Amino acid sequence: AEIRHLAEELDTLAPHGYKPAEWLDQRVFHDLEPAIFRDIEQGILASRAQHVRPGSWIGALVEALADDNVSFIRAPLSTVQPDAGGRVGAVTAGNRELVADAFVIAAGAWTGEVARQFRTRVPVISGKGYSITVESPELELRQPLYLSEAKIACSPFEGANRFAGMMELTGPDDSISPGRLMTMVKALNRALPGWDRGSRRVVWAGLRPMSPDGLPVIGKAPGLENVYVSSGHGMLGVTMAPVTGEIIAEMIASGSSPYDVHAFDPRRFA
């Protein structure tokens, strides 16, 4: 039932050029991915699926933006002063005052906290996920895998395998729960024997920005004239980032969006 649901989701993307899922019997499935446990009987091939290594992707993005004269200031936001009309003229970060025509709150799981500094409310909470990265792994994955029942993504990188999953609703807290981690370990032991053998294992917890209704939060901040919000993308931040950037840029430049984004309006929570 779980894998059928995934296949149906992929079928809805066919009008947009996405190739429908290809059903694989047990023999073909194991020929494509010999590492998988032999008792797993069925799989689907999503041939258009892709994966990235987040650290190198962000590094390349920062480098490209720096080449376009984008400035980066790594400092906490300290002062925001909206005027009576709901317009923000400047903010202070570290010891620098930053004057701008428009501001975008895109602080991931910390969006709600940053929004409060702007004296507005955006109810974004944290959905904690866990990953285990096995460096110099003995197990060779031929392609990225998604273990649908366990809801664990398995991504082969150069020199490592990363296994990521879980959803734990928390505050902005990246501590690691041994119980949650053990749930992942047990599922991986069943599906991928020997997955944990390698030179080193690195355990990590990260926070996804979640909204109460599950939809992204994109648009003008409630009660503010020139402050925008881009957050709440859950587990699809990398996937949705390009089109969200296009939407926000067009809103700032022209006051409207080329797409119907009413469902994502931050003011729906006001």
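**A guided reading of the predicted model**

Five strands, in the order S8-S9-S10-S7-S11, make up an open sheet whose pairing is antiparallel. Strands, like helices, are numbered from the N terminus and are DSSP runs (H or I of at least four residues for helices, E of at least two for strands), and two strands are said to pair if DSSP finds at least two bridges between them. This is a predicted model, in which local features need pLDDT of at least 70 and side-chain atom pairs count only at pLDDT 80 or more, while totals for chains, interfaces and linings use all residues. Residues are numbered from 1 along each chain as its sequence is written, and side-chain values use heavy atoms, with hydrogens and water left out.

At the edges of the five-stranded sheet stand S8 and strand S11 (200–210), each with a single partner strand, so one side of each is left without a neighbour in the sheet. From one strand to the next, the twist averages 25°; the axes behind such angles are lines fitted to C-alpha atoms (for helices over the stretch in contact), and angles run from 0 to 180 degrees between N-to-C directions. S8 and S9 run antiparallel and are joined by three bridges. Within this pair, Leu145 is found opposite Cys154 in S9.

A second open sheet consists of three strands in the order S3-S4-S5, again with antiparallel pairing. Its edges are strand S3 (77–82) and S5, each of which has a single partner strand, so one side of each lacks a neighbour in the sheet. Neighbouring strands here are turned by 20° against each other on average, direction ignored. S3 and S4 pair over four bridges in the antiparallel sense; Leu77 stands opposite Ala93 in S4, and Thr79 stands opposite Thr92 in S4. These two strands form a hairpin with five residues between them, and Gly86 in the turn has a positive phi of about 80°.

The hairpin of S4 and S5 has two residues between its strands, and Gly94 in its turn has a positive phi of about 65°. Four bridges join S4 (residues 88–93) to S5 (residues 96–99), and the two strands run antiparallel. Thr92 has Glu97 as its bridge partner in S5, while Ala90 stands opposite Val99 in S5.

The next subject is the interior. A nonpolar core is a set of buried Ala, Val, Leu, Ile, Met, Phe, Trp, Tyr and Cys residues joined through side-chain atoms within 4.5 Å. Buried means under 20% relative accessible area, exposed over 50%, and partly exposed in between (1.4 Å probe, protein chains only). The largest nonpolar core has 24 residues, of which Leu141, Ile152, Cys154, Phe163, Leu188, Leu192 and Trp195 touch the most other members. Two or more residues each are given to this core by strands S7 (125–135), S8 (145–147), S9 (152–157) and S10 (160–170) and by helix H5 (178–191). H5 provides the largest share, six residues. A second, separate core has 16 residues, including Val88, Phe103, Leu224 and Val227.

Not counting residues up to four places away in sequence, Leu188 touches Leu147, Ile152, Cys154, Phe163, Pro193 and Trp195, where contact means heavy atoms within 4.5 Å.

Helix H1 (residues 2–11) has Ile3, Ala7 and Leu10 as its buried residues. They lie on the same side of H1, because they cover an arc of only 60° around the axis; the arc is that of the directions from the helix axis to the C-beta atoms. Strand S1 (22–24) and strand S2 (43–45) are among the elements that cover these buried residues.

Two further residues complete the tour. His233 lies in the loop between strand S13 (227–231) and helix H6 (237–254). Its relative accessibility is 12%, so His233 counts as buried. Not counting residues up to four places away in sequence, His233 touches Pro209, Pro216, Ile218, Met240 and Thr244.

Ser256 belongs to the segment after H6. Ser256 is partly exposed, because its relative accessible area is 41%. Its contacts, again not counting residues up to four places away in sequence, are with Glu250 and Met251. Ser256 and Gly219 are 37 residues apart in sequence and 9.6 Å apart in space, C-alpha to C-alpha.
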